[in-house]
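Please consult the sequence and the model shown here alongside the text.

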Amino acid sequence: MIELYHNKEDCCGCGACVSICPQNAISMQEDENGFIYPFLSETLCIGCRLCKEVCAYQNQLSLNTPKEAYVAASKNDKNIVESASGGIFAEAATYIIKNDGIVFGVAFVKENSRLIPQHIGVSRLEDLKLLQGSKYVQSDMRNSMNQAKKYLDNGRHVLFSGTPCQVAGLKGFLKKDYENLITMDIICHGVPSSQMFNDFLQLNYNKKNYDVVDFKFRDKSSGWGEMARLDYFDRKNKLKHRLIPAHTSSYFHFFLKTQICRENCYSCKYACEKRTGDITIGDYWGIGQEHPELLSNSVYSEMKGISCVMISTSRGEVFFRSLNSQIYADLSKFEKISKHNEQLREPSKKGKDYQEIFRLYPRYGYQAVEKYYKRKYFINIILHVIYNKIPLPMRKKIKKLLR
Ligand SMILES: Cc1cc2nc3c(=O)[nH]c(=O)nc-3n(C[C@H](O)[C@H](O)[C@H](O)COP(=O)(O)OP(=O)(O)OC[C@H]3O[C@@H](n4cnc5c(N)ncnc54)[C@H](O)[C@@H]3O)c2cc1C
């Protein structure tokens with residue numbers, strides 16, 4: 001019997017093993033915390049070991065050191081507003097689609113009244129918005145690796161974006177390099193489970209008879225920061241929005257503090273300088289300290305969002321240059337970016353909250369996590385509620401003072 005993984009640290013749930021299996025003998029199943037792991041059916045398995053061969057989490061993938069680093073942002077304000085950072089992904093995707101290619105990324109898909117983050121392929125510009133914006137939940141890759149391979153074999157251009165381990169998973173699955181493939185990994189500090197996210201929504205919103213249709217983790221209507229937005233139909237079937245400051249929400253707070261991630265995220269071998277993708281994108285935190293000169297030229301705005309971009313391969317270099325007319329880009333340095341982004345140096349760390357959350361959640365459900373959060377962070381929640389009631393210009397001044 002093949003052992004797909006020995007410890008939970010050995011599996012990132014990318015699904016390369018599921019995708020390669022010629023017998024459909026592997027399926028993804030949720031553990032007690034809702035994290036997906038591959039399960040092998042003994043009766044269907046023929047022992048070909050392809051699943052072990054393609055695993056890019058247990059086999060070492062060759063990684064690339066970034067050659068260039070940039071501050072960057074889309075020239076299209078609409079794209080920036082819909083994106084978590086500076087909208088670089090949307091510009092790359094637009095270029096690929098305009099050149100008859102396919103873009104794979106993460107969308108929320110509604111299944112049995114739950115919002116499930118899934119990798120999907122998009123070939124029409126009007127569908128691009130489905131992939132825009134960070135979904136701070138582990139996405140299910142479903143059939144996307146097989147679909148991407150089909151397009152690649154047919155000579156179509158493919159842009160594949162995801163966490164570094166998902167990009168590695170795709171590369172392991174493909175087993176060869178395709179010239180028509182561009183991979184974009186995001187800087188990632190870890191992924192919580194889709195089950196926990198949905199339990200959080202269910203407890204706080206669905207229970208009130210809200211029909212939740214979308215959750216934007218980075219709403220920018222009051223600036224680039226930590227504000228989420230819930231879109232839902234109320235009891236009278238009216239579409240409504242609700243803004244949720246990150247640190248007043250248990251799920252978002254614990255995500256930002258990296259306390260609800262998947263087991264392997266805490267020893268992630270891809271949380272380092274070397275990258276799995278041709279291009280890496282993330283938030284340019286600390287831009288005011290690293291490039292104050294760029295903030296005064298009004299091209300980049302901390303209110304709208306600014307990206308950091310790292311280019312690790314020649315293919316990535318050529319592709320990034322082809323976005324010239326769509327984006328602003330200024331040279332930076334890896335050291336400047338990584339100073340403010342720990343995930344480029346080491347994996348996230350578990351704290352006391354992690355231990356308590358995963359003691360409570362499988363036994364008593366998300367209700368117990370919510371209670372724990374409200375009790376422990378009561379003052380913090382009040383302060384954030386008050387802070388978010390202060391008019392925006394004043395909040396900006398306070399932020400500057402606190403820097
Ligand atoms: C779980 C997670 C953790 C992150 N942690 C950090 C961090 O610590 N530091 C940092 O600088 N940036 C982090 N980011 C990245 C950041 O939030 C932006 O996604 C990134 O900067 C791209 O921004 P954009 O404006 O170019 O595009 P956007 O439109 O905001 O991003 C869309 C891109 O993100 C991908 N994506 C969205 N959700 C997921 C998901 N669940 N799994 C895989 N891919 C997804 C889409 O496929 C698409 O490629 C994280 C993102 C995620 C999803």
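The model is predicted: local features require pLDDT of at least 70 and side-chain atom pairs pLDDT 80 or more, whereas totals for chains, interfaces and linings use all residues. Residues are numbered from 1 along each chain as its sequence is written.

The protein has 16 helices and 13 strands (DSSP runs numbered from the N terminus: H or I of at least four residues, E of at least two). Its radius of gyration is close to the value from the globule rule for 403 residues, so the protein is as compact as a globular protein of that length. That radius is taken over C-alpha atoms, and the rule is 2.2 Å times the number of residues to the power 0.38.

| Quantity | Value |
|---|---|
| Radius of gyration of the protein | 21 Å |

Buried residues make up 43% of the 403 residues; a residue is buried if 20 or more other C-beta atoms, placed from the backbone, lie within 10 Å of its own.

Helix α7 (residues 194-204) is largely enclosed by the rest of the structure, because eight of its 11 residues are buried. Among them are Met196, Phe197, Phe200 and Leu201. The buried residues of α7 pack against elements including β1 (26-30), β5 (114-122) and α13 (352-364).

Of the 33 residues around the ligand, Ser83, Ala84, Gly105, Ser161 and Gly282 come nearest (C-beta atom, placed from the backbone, within 6 Å of the molecule). Elements giving two or more residues to this shell are α4 (88-98), β4 (102-111), β6 (158-162) and β11 (279-283).

Note on methods:
A residue is buried if 20 or more other C-beta atoms lie within 10 Å of its own, exposed if 12 or fewer, and partly exposed in between; C-beta atoms are placed from the backbone. Two residues are in contact if their C-beta atoms, placed from the backbone, lie within 7 Å.
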